[in-house]
Amino acid sequence: AQIVQYGDPVLKSRASEVTEFDEALAEEIQRMIVLMREGLGVGLAATQVGKLRRLLVFQTNADAEPQGLVNPEIEWLSEEAEVATEGCLSIPRVLVDVERPLFARVRGRDAKGDELLIEAAGHEARVLQHEIDHLDGRLFIDHIEEHDRRELTAELKKIKKLNKGK
C-alpha cells in the first residue's frame, strides 16, 4: 500500500539530486529496503514511494547485502544486450520482455555520501537500469515495441482505473 501504483504522475516525473547525506537519508534507505523486501522485489526507486529524490535500493540475490544508491548515474552501457522478462512493484501482475544492455557501469554515492562505482552484469545490470529509469520518469513498459504496448493498453487502463479508486 506504500508503493505508488501505475497511473500516479510521480512515476512519470524526473527525480531531483539528493544534497543532504544525513540520518534521515539513512533511515529512508532502510525503510525502502523493508518495502522492497515486503513486496518481494529486487529493487525500488524513491519515486515508487512518492519521493522525487534520486535514490534507489537493490538486492539482486538472497545472499547479497541490500544496498542504497544515491544520485546514481549510468556511466557506461555495453553494446551487447539481452531480452529478459521484467516486472515492477508499481505495476503488479504485468510482465513484459525488455531488451537491455548486458553490462553497466553505474556511479553514485552511499548513504554517507561516499562515492560508489558498480560494475554490474546480467540481472544486476538490468535491475540498476530499471530503477534508474524510474528516477528519470520512465517505466519498463516504455521500452517495449509499439505493437506490444498496444496489447497492454487495455490491461493498463484497467489497472489505472483500479488505482484511482483507492
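Predicted model: local features only at pLDDT ≥ 70, side-chain atom pairs only at ≥ 80, totals over all residues.

Residues are numbered from 1 along each chain as its sequence is written, and side-chain values use heavy atoms, leaving out hydrogens and water.

**Stop one: L40.** Select the loop between α1 (23–38) and β1 (43–45), where L40 is found. Helices (H or I, at least four residues) and strands (E, at least two) are DSSP runs, numbered from the N terminus. Check the backbone: phi of L40 is near 60 degrees, a positive value in a residue that isn't glycine. L40 is also exposed, at 78% relative accessible area. Exposed means over 50%, buried under 20%, and partly exposed in between (1.4 Å probe, protein chains only).

**Stop two: R93.** Now go to the loop between β4 (81–86) and β5 for R93. Here too phi is positive in a non-glycine residue, near 70 degrees for R93. Is R93 buried or exposed? R93 counts as exposed, with 70% relative accessibility.

**Stop three: the negative patch.** Select D97, E99, E145, D148 and E151 together, and you have a negative surface patch. Patch residues have over 30% relative accessible area and no salt bridge, with like charges joined within 9 Å and nonpolar side chains (Val, Leu, Ile, Met, Phe, Trp, Tyr) within 5 Å. A salt bridge means a side-chain nitrogen of Lys or Arg within 4 Å of a carboxyl oxygen of Asp or Glu. Finish on E151 in helix α3, exposed at 65% relative accessible area.

How values were computed
Areas by Shrake-Rupley, 256 points an atom, 1.4 Å probe, with all protein chains shown as cover. Lys, Arg positive; Asp, Glu negative; His and termini not counted. Charge placed at Lys NZ, Arg CZ, Asp CG, Glu CD.
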